[in-house]
Amino acid sequence: MIKARVTVTLKNGVLDPQGKAIEGALGSLGFEGVHQVRQGKVFDLEVDTLDRAKAEEQLKAMCEKLLANTVIENYSIALV
Amino acid sequence: MKSAVVQLPGLNRDRDMIAALTRISGQAPVTVWQTETEIPDVDLIVIPGGFSYGDYLRCGAIAARMPVMQAIREKAAQGVKVLGVCNGFQILVEAGMLPGALMRNASLKFVCKEVRLEVVNADTDFTRAYAQGQIIRCPVAHHDGNYFVEAETLKSMEDKGQIVFRYAEGTNPNGSMMDIAGVVNEAGNVLGMMPHPENLIEAAHGGTDGRGIFASALDVIAA
C-alpha cells in the first residue's frame, strides 16, 4: 500500500472569492502584510499497490477524471 | 414531443421540472434514475436543479460521473436536446458537455431572487419563442453560479453564438464573467443555464417569461 497526498489549487488568473474573504479576515485579525491568499483542497489517499510508478499513474488519472476540474484547477501528487 | 427528467440523489427541483414539462407539452416526462444506462426515445432530456451528492467535491462533479451521464452524452451526440438548469448546468460543465466552469458566487452568498435575462441568441432550439435581445424575468437560486471560461474559449463561444442568456440591467447575481447566465454547446443542442425558467411558466408563478424555453425546445411555440 502506498500513501499519497493530492493537492488541488486554482489556476492563476481564476478569481478566488473565498481566498479574498480569508485574506480580509486575516487582515481584520491583525495579520498585516498578507497577500494573494488562495484556497485549495488536499486529498490524502491510500492505494493498494507497491509499484510507485503505477500508483502515480493511477493518481494522475484520478485527478484528471474527478479530483480536479482542469478547466479551473491544477493538481500535484506526492507519494508519501 | 417527448421529454425525460433525470433524477439523482440530492436533486430537488425535479418535481417543478416535471410539472412544467407536463403543463407545456401536455404529457408527463419519463423519469430516468442515475444508474440507468439507456434513455428512452425522447426529444428533450432535462437535468433539473438541486444539490446532487450534497455538492460534495465540486457542484455537479460526482453526478457528472454517474452512468446516466454517459447515456446522455450519447443521446446528445445523436442530436437529442439536453437542458441543464442550475445544478443541471453545473453537471453539464463538469461532464465536459459544455465549456467553462461554475464557481462560488463572488458575494460568497447563496442568492435567491429574480433577475433579468437578455436573450443574446434567439436562434437556438431553446430560444426561438423569444425575440433577439428580448429581456425576460427569471428567478435564480444558487451558491455557485459564477461562470468562468478561459479567454480563448470565450472568444470562440461569442463568435459561434454560444452565449444564449446574459444577466441584464445590472442584475448579475454571482459575478459571472461577461454576465453569462446560459450557454449552448457548439452543435446548439445542449443548453445550460443557472436561472430557473420552470418556476415562471404560469399565472400562479406571477409570470410566464420562462415558458418560451420549454415551448421552443418542445416545439409547441404556437400553443
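Author: Start with contact, which means heavy atoms within 4.5 Å. Helices (H or I, at least four residues) and strands (E, at least two) are DSSP runs, numbered from the N terminus. This is a predicted model: local features need pLDDT of at least 70, side-chain atom pairs count only at pLDDT 80 or more, and totals for chains, interfaces and linings use all residues. Residues are numbered from 1 along each chain as its sequence is written, chains are lettered from A and ligands numbered from 1 in the order written, and side-chain values use heavy atoms, without hydrogens or water.

Reader: Which residues of α1(B) are buried?

Author: Buried means under 20% relative accessible area, exposed over 50%, partly exposed in between (1.4 Å probe, protein chains only). In α1(B) the buried residues are D14(B), M17(B), A20(B), L21(B), I24(B) and S25(B). Down the helix axis they fall within an arc of 125 degrees, so they line one face. The arc is taken from the directions from the axis to the C-beta atoms. R15(B) and R23(B), on the other side, are exposed.

Reader: What covers the buried residues of α1(B)?

Author: The cover includes β1 (3-7), β3 (44-47), β4 (81-85) and α5 (211-217) of chain B. Just after α1(B), G26(B) takes a positive phi of about 85 degrees.

Reader: Which residues touch the most other members of the largest nonpolar core?

Author: A nonpolar core is a set of buried Ala, Val, Leu, Ile, Met, Phe, Trp, Tyr and Cys residues joined through side-chain atoms within 4.5 Å. Here M69(B), I72(B), L83(B), L117(B) and F165(B) do, among 70 residues. Helix α2 (residues 67-77) of chain B gives the most, with five residues.
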